Amino acid sequence: MKIAIMGAMPEEIAPILEKIGNYTTTEYAGNKYYEAKYKNVDLIIAYSKIGKVFSTLTATTMIEHFGAQKLLFSGVAGAVSPDLRVGDLIVATKLAQHDLDISAFGHPFGYVPEGSVYVDADKEMIAISKEVAQSMGKKIKEGIIATGDQFVANEARKNWILENFKADALEMEGGSVAVVCNALDVPFFILRAISDAADMDASFSFDAFLETSALESAEFVMQMVDRIIEK
Ligand code: ADE
């Protein structure tokens, strides 16, 4: 089996590469892809760079070029739900693109013909995440993640995303990775640790907590990989 582990930023995959230790590096389509044998599976690891376009390219490359059969995304997010604090983990049940807007034609936000507002994440991996959380003694929140090509640092935009997508967290890659994996029939799991509250302090909070929150998420995702391999 080949499992893809993806992040958007170097900080999001650094703890994973550190844990794996031994890997080869291949440059392809403007990115570096790290390949490793881990236990009895093959891993392909990469960060995409920020945003929906780069994450679409990377997820597609991992699947179509490198042959990934499952994809796990690890990274950080802005909290929308008041239940979520810096460092908390959120598992996406479904994802949407909050900046996809052809509402001028009467369509709901996040919808284009032949698409859907939400894309569901893999239920099996969500179930595994509950087992992992229990074994690690960690709390996880399951919820909706909204994705867009915007760093949200504004209460009004955040509240708009809450009202229109019932989102619990927001970020800049999950929704596009979800579309790719869904179209190519590859089960996917998106995990994020909160780095900020998508409010006027978001950029300061993001800078302060990127590394620690990325580590929280990466450690959990590696436990997920272990559990997937054991099954
Ligand atoms: N990722 C982490 N925090 C974010 C925010 N406030 N907006 C968009 N993506 C994020």
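**Overall build**

The model is predicted. The chain folds into six helices and 10 strands. Its C-alpha trace spans about 50 × 35 × 30 Å along the principal axes. For 231 residues, a compact globule would have a radius of gyration near 17 Å; the chain comes to 16 Å, which agrees.

Contacts tell of links across the sequence. Take contacts between residues at least 6 apart in sequence: 77% of them join residues at least 24 apart. Buried residues make up 52% of the 231 residues.

The chain exposes about 10400 Å², and carbon and sulfur atoms supply 51% of that area. On the charge side, there are 21 positive and 33 negative side chains. The centres of these two sets lie 5 Å apart.

Helix α2 covers residues 52-64, which makes 13 residues. From its first C-alpha to its last, α2 reaches 18 Å, close to the 18 Å expected at 1.5 Å a residue.

Helix α5 covers residues 174-183 and has 10 residues. Seven of them are buried, so α5 is largely enclosed by the rest of the structure. Just after α5, D185 takes a positive phi of about 60°.

| Helix | Buried residues |
|---|---|
| α2 | K52, S55, T58, A59, T61, M62, I63 |
| α5 | G174, G175, S176, V177, A178, V180, C181 |

An α-helix has 3.6 residues a turn, so residues three or four places apart point the same way. In α2, the buried set includes K52, S55, T58 and A59, along with M62. In α5, the buried set includes the run G174, G175, S176, V177 and A178. V180 and C181 are buried there too.

**A loop residue: N154**

N154 sits in the loop between β8 (140-147) and α4 (155-165). Is N154 buried, partly exposed or exposed? Its relative accessibility is 37%, so N154 counts as partly exposed: that value falls between the 20% and 50% cut-offs.

Which residues does N154 contact, leaving aside its neighbours within four places in sequence? They are A198, D199 and M200. D199 is 45 residues away from N154 in sequence. In space, the two are 4.6 Å apart, C-alpha to C-alpha.

Key. Residues numbered from 1 in each chain as written. Predicted model: local features only at pLDDT ≥ 70, side-chain atom pairs only at ≥ 80, totals over all residues. Heavy atoms only, no water. Buried < 20%, exposed > 50% of the residue type's maximum accessible area, 1.4 Å probe, protein only. Helix = DSSP H or I, 4+ residues; strand = E, 2+ residues; numbered from the N terminus. Rg over C-alpha atoms; globule rule 2.2 N^0.38 Å. Contact = heavy atoms within 4.5 Å. Areas by Shrake-Rupley, 256 points an atom, 1.4 Å probe, with all protein chains shown as cover. Lys, Arg positive; Asp, Glu negative; His and termini not counted. Charge placed at Lys NZ, Arg CZ, Asp CG, Glu CD. Expected span 1.5 Å × (residues − 1).
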